Amino acid sequence: MSTSVSPVSAPRATRLGALWNSAVGKKALMAVTGIVLFLFVLVHMIGNLQVFQGAEKINHYAELLRISLPFLWFTRIVLLVAVFVHALAGIELWMERQRARPVGYQDYRPVVSSTASRTMIWSGLLILGFVVYHLLDLTIGVVNPRFEHGQVFANIVASLSRAVGATIYVVAMVGLGFHLWHGLYSMFQSLGLSNRGISPTIQKFAIGFAVLLTLGFSAVPLAVILGFVG
Amino acid sequence: MRITLDIWRQKNPRDPGRFERFEVPNINEHMSFLEMLDVLNQQLVSEGKEPVAFDSDCREGICGMCGFLINGEAHGPLRNATVCQTHMRHFKDGDVLRLEPWRAAAFPVLRDLIVDRSALDRIIASGGYTSTRTGSAAEANQILVSKPYADKAMEAAACIGCGACVASCPNAAAALFTGAKIAHLAHLPQGQPERMARALSMTSQAHAEGFGHCTTIGECEAVCPAGIKLEVISMMNKDVIKATLGGRASEMQTLAALPPSAAMRFFESEPPKKEQ
Amino acid sequence: MPLDAHIPSGPIEQKWQKNKFDLKLVNPANKRKYRIIVVGTGLAGGAAAATLGELGYEVLNFCFQDTPRRAHSIAAQGGINAAKNYQGDGDSVQRLFYDTIKGGDFRAREANVYRLAEVSANIIDQCVAQGVPFAREYGGALSNRSFGGALVSRTFYARGQTGQQLLLGAYQALQRQVAAGTVKQFVRTEMLELIVVEGRARGIVVRDLVTGKISSYVGDAVVLGTGGYGNVFYLSTNAKGSNATAIWRAHRKGAFFANPCYTQIHPTCIPKSGEYQSKLTLMSESLRNDGRVWVPKSAGDKRSPDQIPESDRDYYLERIYPTYGNLAPRDISSRQAKNVCDEGRGVGPGGLGVYLDFRDAFKRLGRKVMDERYGNLFEMYERITGEDPHDVPMRIYPAVHYTMGGLWVDYNLMSNLPGLFVGGEANFSDHGANRLGASALMQGLADGYFVLPATVGDYLARGGFAKIDTSHPAVRDAEREVNERTKQLMSIGGKKSADQLHRELGNVMWTDCGMARTKESLTHALSVIPELREKFYRELRVTGSGAELNQQLEQAGRVADFFELAELLCYDALQRNESCGGHFRVEYQTPDGEAQRNDAEYAYVAAWEFKGVGATPVLNKEPLVFENIHLAQRSYK
């Protein structure tokens, strides 16, 4: 059997387009957008914790966020683009993965990989679904039982004092934890920033933040449903 | 000891294939895994049955020709070793072992446990070398390489090209293989002139061959018989990003994504015959 | 038939330069019109194919493995010699030349060996430029070590994987040419016949090992770099697939086979553990730099090694060879191991082993330094035997490793069949009766990168032959022979696998024609081998068909050729009434048990001519003339 090859020229594309066209580039874009989204959730979580300081504090904080409309929309657009790029790249790569191994193994035993690392697409989709719900619940208010614009504290309490509401939030935050557990570690590799020396530290950092964010976010629904807040 | 084997049987790339069960009694624990299969095959030949086809050559873990999954693990349970370096003492009497070929779109099964890995050759052909003309080299000691870099280059160059990284990756990515060659040459002064173009060409070739992408789950590193480290992928990623954003894409050489080999073309072109 | 080695005239230092000038050049514009068939992708074949492609010829390159990078050159561990004198310890081209001739027990051709030493330095340059990650010193310069049988440090190495790294260098150069379109690569394709037209080698018949299709490729020259025939002994350090079919088929078509009896038995292999054993694994000879070889002083001492006190140990190499000690050349070390085992002092299962002990080196250098040097070898040993050399001494025993014999070639590496070139282990040329450590890689790459590309061009430039295509009657005849042979092997319908019958042949070869040969043992072998061959054609069973991937058929074809080659090997060993290097005849030894050469009668290359299966081959002699080196009794004491 013989192997022969003939060179073909690469398709012309802009630099960013070229990045998007390669698997490595897509992963890099996912890493960059992942950083944006990580910083957002980190700030979001810190903001959320003001619930524990009472209604006035958190309502005031929410007002502060809306003080500059251009800034608010700028942030929203950045986040939207980040989510879009991150999710689209993830889904495209996932579809490629199906093509890369059309016939699966009868028996496959992972040796070292974490469950989190092998379920990124599912934790990602879970988070995506949650974000939609979350916006409908606390931003637009259509799925919130007693939504009142500007009354952030009351809205939160209304949503999370239902068992179903609290459960959705806690489950989604566990999903977020899983996603960050691997994502925060993997993004360094995708950007070419990790090596064997720094890798264990990155791993610890990733696990640490994943746990911190999950606990921080889950604290609110748990506190509400258990009656500590409200 | 006695072992039960569930082995993937497939006559050719068109055959859908199935598992077949074999009993191998009287196994000596000092046998290598492949010697155990030799014993099975000898038994099958004497009974006039088709022996199990599997690849192997050097049988000392360096040529990279052997490899299949034993109970879902590429090259079997022994870490940092090929299947030919695995001895029966690592198994227990009465074990049931499932042997399955590497599976990836880019590695079509040719027969039983044998797959076509020529896609890896094409990744190398797309740029995994320095363009050195025979006889044009400078005096060897004019190129000084500091020992830590030389050692890192050697570590990456140790890849044996067996394909276990692809087999064990849920995405069937060839990132560890490709990264190893890119890192080997990127660590050395000799590799610098073509470094950016090489990273682009090789990764785009891997993509064109139908290998998946890396998600840093680390299975490849865990099963790699040559001990290639995940950091080679990081190095590859960095070079690819740098080269792409630096506008070096025009230097890239992509080889036409051909079907894996003449043999595969043969099987793909012939209309499937009804098996008797 | 007269054998002219075409050695250039003039002083030995100028022969290669002179020859290079005398070689005709092909017009660059015409190079792509010449098609060169290269069989084998190891250091010789791969390097030759890459370089010929780079020069602009159309190259077709074949290997039976799934990719060129599997060639067995990959398994060489220790290193590659080159006369760079980077250590300033007195090395020179002259000294490497001298050491190689002496190491080969004065049975190699002076001019070839000198050229080898001369181009050795270029090889290192070439490989470094390719990015071969040779070991380095902290200052960034290349590091060297001393290696089996040399008093200077001239061996370059890449961990314990030098062969792998050099092969990957050649493989990458080859893939570069594949991408450039000059080399067409045929993998899983095995050469089964040589096509000879009007006395010239013009092509090969191959079997596609995946589809079973038999086809032919014709061209203007054929280069064989297909390795040695060590697997004729069944157990050897060769790869399972290593075979002699390409050179044997060429031999049957008229190429002379030279010095088949020169077989190197490597002293440091892991002993056989049982009958099922499929191959033997070499532990790098570099281990002998720091390991001490010993056996118990008294026969039948069954104590575990740590229970045997210093006074009851016999460090026999240090005792017999005070100067070289544990670094005595391979043939000598091997034979001494056999001697002590024959005395009943062997260790391990079956008493076929000696200890290679690192206890003192661990004390002297510490575990860290030792693991840096030999870590991967220690791991490899433990993986195979289940014993940790940090705690217990290794057990080693000699095993067939390398074959110095091969197809006869002239100075330009062309066989007596015009157009058939042979490089690397497949030819007989440079190692005489014994090959020194780290010289095989040097020879393979010298042939592949530097000699063949120059000499093949000369043959093409001289012309005198017309283009042919695959419709030529000689092509059809060769294909018919191959098809008939396949049919024959498929139709026997016995009960035994080729592997089983091969093992029987190997036992005879190892016992009668192994480390110590006698007239009686060789005569015995010559009477048994034809019987075994008949048995092979009576009891063989090949399952399946020829029109599919059929490993049993592949193996059967290779073993069938080994059955013929085995006989030739014994004929050669029988006619050579002397001991030299890897050929030890018990009748010819000095009073203290060393090989006793007979330079007056046997200073020649024995080049055998095939006369038919079972027929006595005809011996042609190429006298060896030593003008630069004084013939001397080899002494390593």
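1. In chain C, strands S6, S7 and S8 make an open three-strand sheet in the order S6-S7-S8, with antiparallel pairing; strands are DSSP runs of E, at least two residues, and helices are runs of H or I, at least four residues, numbered from the N terminus. Two strands count as paired if DSSP finds at least two bridges between them. S6 (189-197) and S8 (214-218) of chain C are at the edges with a single partner strand each, so one side of each has no neighbour in the sheet. Direction ignored, neighbouring strands of this sheet are turned by 30° against each other on average.

2. S7 (residues 200-208) of chain C and S8(C) run antiparallel and are joined by five bridges. Opposite Val206(C) stands Ser215(C) in S8(C). Strands of a sheet pair through backbone hydrogen bonds, either parallel or antiparallel.

3. On provenance: this is a predicted model, in which local features need pLDDT of at least 70 and side-chain atom pairs count only at pLDDT 80 or more, while totals for chains, interfaces and linings use all residues. Residues are numbered from 1 along each chain as its sequence is written, and chains are lettered from A and ligands numbered from 1 in the order in which they are written.

4. Chain B has nine helices and eight strands. Its radius of gyration, taken over C-alpha atoms, is 21 Å, close to the 19 Å given for 276 residues by the globule rule, so chain B is as compact as a globular protein of that length. The rule is 2.2 Å times the number of residues to the power 0.38. The C-alpha trace of chain B spans about 60 × 45 × 40 Å along its principal axes.

5. Chain B is assigned domain 1 (3-111) and domain 2 (117-131 + 141-251); domain bounds come from an automatic or database domain assignment. The C-alpha centres of these two domains of chain B are 29 Å apart. Contact involves 19 residues of domain 1 of chain B and 18 residues of domain 2 of chain B, where two residues are in contact if their C-beta atoms, placed from the backbone, lie within 7 Å. The domain 1 side has ten nonpolar, six polar and three charged residues. Here Ala, Val, Leu, Ile, Met, Phe, Trp, Tyr, Cys and Pro count as nonpolar, Asp, Glu, Lys and Arg as charged, and the others, Gly among them, as polar.

6. H5 (residues 175-186) and H8 (residues 231-245) of chain B pack at about 75°, with axes 8 Å apart. Axes are lines fitted to C-alpha atoms, for helices over the stretch in contact, and angles run from 0 to 180 degrees between N-to-C directions. H5(B) and H8(B) are therefore roughly perpendicular, a label for angles of 65 to 115 degrees. Contact residues include Ala183(B) of H5(B) and Met236(B) of H8(B). By class, this helix contact has ten nonpolar residues, two polar and one charged.

7. Between chains, 68 residues of chain C are in contact with 72 residues of chain B. H5(C) (162-180) is among the elements on the chain C side, and H5(C) gives the most, with nine residues. That side of chain C divides into 22 nonpolar, 28 polar and 18 charged residues.

8. Chain C is divided into domain 1 (266-401) and domain 2 (479-602). Their C-alpha centres are separated by 29 Å, and each of these domains of chain C gives five residues to the contact. On the domain 1 side, H8 (residues 330-342) of chain C gives the most, with four residues.

Conventions
Parallel < 35°, antiparallel > 145°, perpendicular 65-115°, else oblique.
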